[in-house]
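Open your viewer, get your selection tool ready, and let us walk through this model together.

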Amino acid sequence: MADRRFFRLAGSFELGHLAGLTGSTLSDPSRAGVKITDVAPLDIAEREHLSFLDNKKYIETFRSTKAAACFVRPELAALAPEGTVCLVNRNPYKAYAIAAAAFYPAEKPKAVRAASAAVHETAIIGEDCTIEEGAVIGANVRIGARCRVQAHAVIREGVEIGDDCDIGAHVTISHALVGSKVRIYPGACIGRQGFGFAIDAAGFTAVPQLGRVLIESDVEIGANTTIDRGAGPDTVIGQGTRIDNLVQIGHNVKIGKYCIIVAQVGISGSTQIGDFAMLGGQAGLAGHIKIGSGAKVAAQSGITRDVGAGEEVMGSPAVPLRQSMRQAAVLAKLALKKKGSEE
Amino acid sequence: MADRRFFRLAGSFELGHLAGLTGSTLSDPSRAGVKITDVAPLDIAEREHLSFLDNKKYIETFRSTKAAACFVRPELAALAPEGTVCLVNRNPYKAYAIAAAAFYPAEKPKAVRAASAAVHETAIIGEDCTIEEGAVIGANVRIGARCRVQAHAVIREGVEIGDDCDIGAHVTISHALVGSKVRIYPGACIGRQGFGFAIDAAGFTAVPQLGRVLIESDVEIGANTTIDRGAGPDTVIGQGTRIDNLVQIGHNVKIGKYCIIVAQVGISGSTQIGDFAMLGGQAGLAGHIKIGSGAKVAAQSGITRDVGAGEEVMGSPAVPLRQSMRQAAVLAKLALKKKGSEE
Amino acid sequence: MADRRFFRLAGSFELGHLAGLTGSTLSDPSRAGVKITDVAPLDIAEREHLSFLDNKKYIETFRSTKAAACFVRPELAALAPEGTVCLVNRNPYKAYAIAAAAFYPAEKPKAVRAASAAVHETAIIGEDCTIEEGAVIGANVRIGARCRVQAHAVIREGVEIGDDCDIGAHVTISHALVGSKVRIYPGACIGRQGFGFAIDAAGFTAVPQLGRVLIESDVEIGANTTIDRGAGPDTVIGQGTRIDNLVQIGHNVKIGKYCIIVAQVGISGSTQIGDFAMLGGQAGLAGHIKIGSGAKVAAQSGITRDVGAGEEVMGSPAVPLRQSMRQAAVLAKLALKKKGSEE
């Protein structure tokens with residue numbers, strides 16, 4: 001179903017192959033030879049398509065899907081409509097991801113360098129890299145193998161980038177060391193000097209920002225996100241962490257491994273975040289605080305103090321999740337009383 | 001009054017002409033022949049200028065304006081200072097908009113193609129388009145007539161754009177079909193893959209994002225705004241919708257027609273918004289919810305559940321507008337009591 | 001300690017020289033001849049390094065630092081470890097800033113113009129300017145001396161820029177007059193037309209945006225920040241003001257001198273802010289309101305009414321700081337009661 005103008009379908013697969021590929025169990029093994037021609041969402045899937053059910057909000061859509069087959073959790077397989085074979089899997093979203101990548105494998109860039117790219121003579125570019133139109137690569141930059149530097153990206157002097165990275169259009173990177181398999185989306189700005197100045201009656205005095213940005217491998221950084229370099233210490237983004245669009249990360253911030261930072265989050269300077277933490281969209285974190293490993297910060301929360309490992313917090317100022325819900329309930333009740341007394 | 005370095009004045013107009021053009025009534029018809037040389041804000045307007053009063057906050061400024069004439073609602077016309085003719089109109093802001101556009105008509109781009117633009121040989125560009133310096137237009141792109149593709153904009157393979165569109169500097173567009181009369185401001189990123197990955201103990205597995213961004217006609221998209229493409233379904237922006245700067249729109253989001261999305265709003269994946277909805281600045285919407293037509297979401301609200309058609313909500317978590325105001329009042333009162341008991 | 005790939009160390013200095021340069025007093029004047037080779041954060045400083053203690057959160061780190069010398073406030077000097085000489089100063093952060101700038105002075109750009117820059121024949125560029133790859137400079141633009149226009153920046157027709165400015169990569173500037181010593185970081189968009197349209201049953205009518213953006217001297221504007229031009233009045237950023245990343249400033253906004261606007265703040269149209277005001281991260285301000293000089297708006301606050309000079313406010317909707325804290329305390333207590341009654 002994917003638009004052929006944008007996506008290349010790699011082929012068809014038999015259900016049995018897809019079950020094997022994804023570690024799924026067929027609800028009807030006799031249909032292992034059925035040919036699947038594409039993936040599609042539940043509501044628009046047609047007879048030869050493969051879909052998935054992950055969010056329970058879509059159970060009704062699942063019940064009426066025309067998909068030939070569907071990834072689904074064991075406990076929901078019984079709800080499948082007749083004619084839809086279930087590929088039963090404890091993580092149907094992941095199974096779908098694997099299958100969809102078989103139908104639509106990532107395309108290799110063509111390993112060409114645009115004539116309009118400005119690559120400094122001292123820069124070292126690995127093999128099979130693609131350097132697009134207008135890209136600017138400064139002195140002593142090192143870029144690993146199979147990277148793509150998209151149009152107009154600007155990579156400043158001394159930056160080092162590992163293998164298999166994708167640097168989006170209009171990205172600016174300076175003062176940074178970047179691992180392998182890092183994807184940076186368009187417009188992100190990595191390594192500008194942090195928002196650091198001393199204040200007194202004479203005004204502001206800029207504090208030289210002498211640190212770097214260290215981005216470990218397999219990190220993803222969203223479009224128009226900004227990550228300031230350290231002031232002396234480094235700003236660090238841990239391995240595997242996913243950062244969404246329009247996020248602000250201040251100087252000296254340390255983010256652990258495999259964190260999820262949703263769009264428009266702001267993290268003030270020198271704050272430290274443990275591994276596997278999740279920050280909901282638009283959450284704001286004060287500076288110089290610590291967020292423990294596995295902590296979950298709800299969307300729009302305002303964090304002004306340390307959050308312990310595994311804690312879930314919500315609100316602005318943030319409190320433990322349950323307290324936040326109780327506060328909302330109490331407040332609603334009081335407002336209702338007030339309304340009653342007014343009438 | 002507009003700075004001649006940036007704006008070209010098209011000429012002078014008689015009051016009678018301006019009244020006719022905007023459907024306004026002159027408070028003093030004998031002055032229909034008065035010549036107006038320019039438009040200007042109330043406080044700096046001079047004797048031959050035309051101004052407007054829309055927001056009641058500026059009534060005092062209106063009372064002392066030196067403007068020769070002023071668009072104003074019927075009920076406020078009596079407050080005009082002597083010497084200022086009123087152009088009475090139920091929608092003075094719109095009337096001013098029409099008049100100002102007569103004084104300062106939008107300039108046509110010059111329909112030239114910069115030598116430094118990189119236009120793929122298979123791209124089809126309509127007549128009278130302007131393609132500025134460094135623009136990159138990929139394979140099989142189709143662009144309608146009279147479009148302007150500003151400096152360094154990057155339009156990826158297969159994208160289709162209608163007539164009379166304006167694509168700002170440093171914009172990136174991929175996986176998108178764009179209608180006519182669409183204006184996209186600098187730095188916006190349209191069509192990056194959404195923030196989608198399956199999570200398990202092994203880490204994150206990227207889910208191929210196989211949908212598109214569909215932007216209907218007459219849409220406006222603000223600077224540095226990010227709109228992710230669908231994951232399978234499409235991300236859709238309905239006709240006429242106005243999106244401000246720094247807004248984040250996640251994958252699969254459907255926005256209806258003529259919505260107003262103020263700056264820094266964040267809309268999570270798969271959420272649906274009806275026609276004529278208004279989202280105040282910095283509002284955040286959770287994923288997989290529905291906002292009814294004509295709903296109004298106050299600035300900074302956090303929306304975690306469906307909002308009905310025409311409902312007005314406020315707060316984080318959001319509640320109906322009146323309840324939100326009552327909650328604020330109750331809370332202020334309790335805090336005052338606490339203060340009293342502390343003293 | 002700064003990474004030599006990114007920073008050039010200018011030399012070593014004796015302690016006595018650094019004390020004089022920064023107006024500090026040596027805790028042990030006999031050590032004025034000690035040679036300092038570099039600056040470094042407290043925790044990683046080594047024997048010949050200079051550090052500073054500003055935030056009391058780091059007192060324990062100070063007690064165990066190996067730094068040869070440290071800027072510190074008078075009342076904390078006694079806590080220095082043996083072997084660390086104190087440079088006593090009432091503003092250790094500023095003193096450090098001055099010293100660090102001695103070790104790492106800002107580098108002068110090389111005053112070259114890239115062949116790929118597109119400079120209009122009518123533009124006037126001052127002496128010793130650096131114009132980088134792909135920069136686009138329009139008709140009648142005037143740029144002062146010693147400016148740097150970074151790669152792919154786009155400066156539109158008629159814009160004027162003073163001396164010693166730094167315009168970042170991918171910045172877009174139109175309809176603007178910019179003072180001297182202004183620094184604009186990558187991706188900022190200055191001067192787009194504001195979010196202005198009249199609304200009626202027929203839809204939206206664009207209101208011509210005929211004002212400018214006036215940026216006074218010594219202003220700093222963060223990465224991917226957006227500043228809309230005035231609608232008729234101008235948008236004004238006062239001298240010395242520091243604006244962080246991803247900030248949105250609407251049309252007609254007036255910001256006073258030496259304000260601090262932290263990341264992701266949003267300021268709606270026509271709002272006025274006095275001198276020396278501070279807006280915390282993610283704060284949102286409604287339109288047409290006034291914030292007095294020296295006011296402090298806490299992070300994430302939502303401001304819907306005027307704030308008096310020197311007032312401190314917090315919350316959404318914002319209330320005076322102490323009231324906000326009392327409200328949070330009252331609410332927490334009520335939630336605790338509710339919890340008790342549930343158990």
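Which residues form one aromatic cluster? Select A:Phe195, A:Phe197, A:Phe204, C:Tyr258 and C:Phe276, and you have that cluster on screen. Before going further, two notes on what you see. This is a predicted model, where local features need pLDDT of at least 70 and side-chain atom pairs count only at pLDDT 80 or more, while totals for chains, interfaces and linings use all residues. Residues are numbered from 1 along each chain as its sequence is written, chains are lettered from A and ligands numbered from 1 in the order in which they are written, and side-chain values use heavy atoms, with hydrogens and water left out.

**Stop 1: aromatic rings**

Over all chains, the structure holds 27 aromatic pairs (rings of Phe, Tyr and Trp, the last by its six-membered ring, with centres within 6.5 Å; planes under 30 degrees apart are stacked, over 60 edge-to-face, the rest tilted). Zoom in on A:Phe195 and A:Phe197: this pair is edge-to-face, at 5.0 Å centre to centre and 80° between the planes. A:Phe195 is buried, at a relative accessible area of 16%, and A:Phe197 is buried too, at 10% (buried means under 20% relative accessible area, exposed over 50%, partly exposed in between, with a 1.4 Å probe and protein chains only).

Next, select C:Phe13 and C:Phe103. Their ring centres are 4.9 Å apart and their planes stand at 90°, so this pair is edge-to-face. C:Phe13 sits in strand β1 (residues 13-14) and C:Phe103 in helix α3 (residues 92-103) of chain C, so the pair ties together parts 90 residues apart in sequence (helices, H or I of at least four residues, and strands, E of at least two, are DSSP runs numbered from the N terminus). Both C:Phe13 and C:Phe103 are buried.

**Stop 2: where chain B meets chain C**

Now show chains B and C. Their contact (heavy atoms within 4.5 Å) takes 57 residues from chain B and 69 from chain C. Between them they bury about 4,700 Å², 62% of it on carbon and sulfur atoms (accessible area, 1.4 Å probe, lost by two parts on being put together, summed over both).

How many salt bridges are there between chain B and chain C? The count is seven (a side-chain nitrogen of Lys or Arg within 4 Å of a carboxyl oxygen of Asp or Glu). For one of these, pick B:Lys94 and C:Asp200, whose side chains meet at 2.6 Å, N to O.

Finally, colour chain B by element: α3 (92-103), β27 (242-243), β30 (260-261) and α4 (321-342) each supply at least two residues of the side that touches chain C. On that side, α4(B) gives the most, with eight residues.
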